[in-house]
Amino acid sequence: MIKVYLRKKIAPRIANGHPWIYGNEVDRVAGNPEPGEIVEVRFADGKLAGVGYYNPQSQIVVRLLSRKIEEINEAFFYQRILQAWQYRQKTGYTENCRLVFGEADQLPALIIDKFNDYFVIQTLALGIDLWKPAIINALETIFKPKGIYERNDVPVRTLEGLEQLKGFLSAPFDTNIIIKENGLQFYVDIENGQKTGYFLDQQDNRRAIQHIVKGAEVMGAFTYTGTFEIHAAHYGAKSVLGIDISEQAVAQANKNAALNGLEKIVEFKAMNAFDVLKDWGKDGPLYDVVMLDPPAFTKSRENIQKAVTGYKEINLRGMKLIRNGGFLVTSSCTNLVNPELFLHTINAAAKDARKRIKQVTFQAQASDHPIIWGMENTNYLKFLIVEVTDR
Ligand code: SAH
């Protein structure tokens, strides 16, 4: 194996368990590895950092697959995926789950979502993309899937010199499937939905609204296919309005409402939530519960402040639409705004909105997306419920 030696003075990140090695942390490469080749990484003092895949075209030149010297082959991927599955089985995520959550499962840049008998995969770096056949074989052996699909139509792949593409990795199948969650049913559009088609990371959080929505008039913004809103109707809300900017998502959300026989209670409209929150704050309707689950406002460190301003703005406006004693259900899915900063931002929003808030629940993503200490990017989802009262 070709050896990559790290500089003397590098951040303790790698020693603390983080698997990424940036170009500026490399002192020298003893040889000429091919893009994607497995290399051995050593600290300046000669101690082993691990083995991983190499890509000189990426800012992250090596991603470690293992902390010991071992052969990276088809059996390695089978074992890793089996371990990932065993963890989901032990923690109670079997029907639908994120089967592989990249770095957290020691399979950097690999995402596999399991929707019952169907699997959607993303290989987001060259070094893992090359192992696609081994990954498919492992899935075939462990699960005998009805279908496997790749959603590699994502821009991050270009940072790795990879093309963006999507398609079948098994015999073709109908990519509009139905999954069950918390006793409800949802259509998942594997081919054209956002990301892998469905946001599994909120599956436990959707249950957390059970009590606060009883008999309530509910408004949800950034609803995607309407999962939270349909849960609200299911848990006894009087009426639910959901808003998303995507016509496609709204059509799917209304179909999901009908699929569960809840179309008389919950309705979805295609609108810009920023406009709605702004306009309705003046003389619009009030609600007992407002739910916000916006997309990541930033993907880069430079824009954290902008993202914080965005979160503050929508949450402030959201609070103003809530009747005295109602609830705000609010999420943030970017790891760059950490939990502490998120809570601080909601607090600042409450202050400016002249509201008092009481924390009901504060959670992260479901445990099939495990958080690994020392890898901040695995701790990304914040889910907060607060009671909102007038000052
Ligand atoms: N709550 C959803 C996930 C929401 S993802 C679930 O659990 O499944 C974020 C959503 O925000 C996407 O569906 C996207 O279409 C929507 N969105 C982005 N910008 C928006 C805007 N300006 N107004 C309304 N919706 C927007």
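View 1. The lining of the second largest pocket takes at least three residues from each of domain 2 (74–176) and domain 3 (199–390). This is a predicted model, in which local features need pLDDT of at least 70 and side-chain atom pairs count only at pLDDT 80 or more, while totals for chains, interfaces and linings use all residues. Residues are numbered from 1 along each chain as its sequence is written, and side-chain values use heavy atoms, with hydrogens and water left out. A pocket here is an open set of points on a 1 Å grid over the protein atoms alone, where a 1.4 Å probe fits, with protein on both sides within 12 Å along at least five of seven lines; lining residues have an atom within 4 Å of a point. To find this pocket, look for Gly92, Tyr93, Thr94, Glu95, Asn96, Lys180, Glu181, Asn182, Gln203, Asp204 and Arg207. The lining holds one nonpolar, five polar and five charged residues, with Asp, Glu, Lys and Arg counted as charged and Gly among the polar ones. The space inside is about 180 Å³, a volume filled by probe spheres set on the grid points.

View 2. Domain 1 (3–66), domain 2 (74–176) and domain 3 (199–390) divide the chain; their bounds come from an automatic or database domain assignment. Between the C-alpha centres of domain 1 and domain 3 there are 40 Å.

View 3. Follow the strands in the order 2-6-5-4-1-3, with mixed pairing. Strand 2 (20–22) and strand 3 (26–30) are the edges, each pairing on one side only. From one strand to the next, the twist averages 35 degrees, using axes fitted to C-alpha atoms and angles from 0 to 180 degrees between N-to-C directions. Strands are DSSP runs (E, at least two residues), as are helices (H or I, at least four), numbered from the N terminus; two strands pair if DSSP finds at least two bridges between them. Strand 1 (residues 2–6) and strand 4 (residues 38–42) are parallel, with four bridges, and Val4 faces Val41 in strand 4.

View 4. Strand 15 (residues 239–244) runs parallel to strand 16 (residues 266–270) through five bridges, and Asp244 sits opposite Ala270 in strand 16. With helix 5 (residues 247–259), strand 15 and strand 16 make a right-handed β-α-β unit: with the strands pointing away from the viewer, the path from the first strand over the helix to the second runs clockwise.
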